[in-house]
Amino acid sequence: MPTIVVDVMPKAELLDPQGKATTGALARLGHEKFENVRIGKRFEFQVAGEVTDAVLAEVRQVADDILSNGVIEDVVAISVDGVQVADAPAADALAGEAR
Amino acid sequence: MPRIGVVTFPGSLDDRDAQRAIRRADGEPVELWHADHDLQDVEAIVLPGGFSYGDYLRPGAIAAVSPIMTEVVAAANRGLPVLGICNGFQVLVEAHLLPGGLIRNAHQQFIRRDQRLIVENADTAWTHRFQPGEEIVIPLKNGDGGYIANEETLKYLEGEGLIAFRYAGVNPNGSLNDIAGLTNERGNVVGLMPHPEHAVEAGFGPDMPEAMRSGTDGLRFFESAVEALVARAA
């Protein structure tokens, strides 16, 4: 059964309080060389049958409408069995059409 | 007596406080259930505070697509008064009834304080018993209360007077433009992070300069809705 992975990140221009706190913790532990930690989400799910273009379109719709909130987050990547099928611009363009 | 519904989601905490606030404002609270499609002919709806669905996915996100919300969104678009408090505000934003988003507090901590607010818009279904510019105090308690929106949305909210409440004194969570609550263009939908239902009875409200726990500024939210519904029925 194919596994689909959707990666969601907080928008780059917005404060990511979790990431900021983690950056601070790394610095306290002597890892000052690592900066700008940002924390996102990874969704993994499986789909019965073949991943057709229609299924992929449905994945993109779910990623944009349910798994992420376009006001605060971006869908940065979608992959099927480890092969990336969409990156941020593609997902964004689709979100634009949906609106 | 106007019938005002309070939706209970799995994880709602303040639904009974909201029901009690409605009763104190001479309304009749009606319990609504997240899994139903029946609004039971209520004339206004409160989405209460809490942690619906454990804040899984994003605060308010799963509640926003629950069965009852299909009906709440339709009713709001018909003009029915809808008030979202704290988690209820997050649900309204996730359901696209109000713009923008709510993220983790800037300082990363859950906060509980008696919060001063400025009433910016006293021309809504839930705020017309206030004066524009009036300062009120009601409790604030949340972890994800940071209001954000893009530049264009903020300009729209400011330009159209859709910011209902602003934090006064301190900005407790990093909300842009000190936004504590919003309304829509029609003024029937209002959402805010602080909790008016916890400031409806002396002895159980926020601390005020005059006396401890004496604050009742929250009562006027519910009185605003009840008064308008009674006037309409008369």
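A quick definition before we start: a residue counts as buried if 20 or more other C-beta atoms lie within 10 Å of its own, as exposed if 12 or fewer do, and as partly exposed in between. Keep in mind that this is a predicted model.

Now for the sheet in chain B. It is open and built from nine strands, in the order β2-β1-β3-β4-β11-β10-β9-β6-β7, with mixed pairing. At its edges sit β2 (28-33) and β7 (135-142) of chain B, each pairing on one side only. On average, neighbouring strands in this sheet are turned by 25° against each other, direction ignored.

Strands of a sheet pair through backbone hydrogen bonds, either parallel or antiparallel. For a parallel case, look at β1 (residues 3-8) and β3 (residues 44-47) of chain B, which are joined by three bridges. Follow Ile4(B) across and you land on its bridge partner in β3(B), Ala44(B).

On to the backbone angles. Most residues other than glycine have a negative phi. Leu57(B) isn't a glycine, yet its phi is positive, about 70°. You'll find Leu57(B) in the loop between β3 and α2 (67-78) of chain B. Leu57(B) is classed as partly exposed because 19 other C-beta atoms lie within 10 Å.

Asp178(B) is another non-glycine with a positive phi, here about 60°. This residue belongs to the loop between β9 (163-167) and β10 (179-183) of chain B. Is Asp178(B) buried or exposed? With 20 other C-beta atoms within 10 Å, Asp178(B) is buried, because the cut-off is 20 or more.

Terms used: Residues are numbered from 1 along each chain as its sequence is written. Chains are lettered from A and ligands numbered from 1 in the order in which they are written. This is a predicted model: local features need pLDDT of at least 70, side-chain atom pairs count only at pLDDT 80 or more; totals for chains, interfaces and linings use all residues. Two strands pair if DSSP finds at least two bridges between them. Helices (H or I, at least four residues) and strands (E, at least two) are DSSP runs, numbered from the N terminus. Axes are lines fitted to C-alpha atoms, for helices over the stretch in contact, and angles run from 0 to 180 degrees between N-to-C directions.
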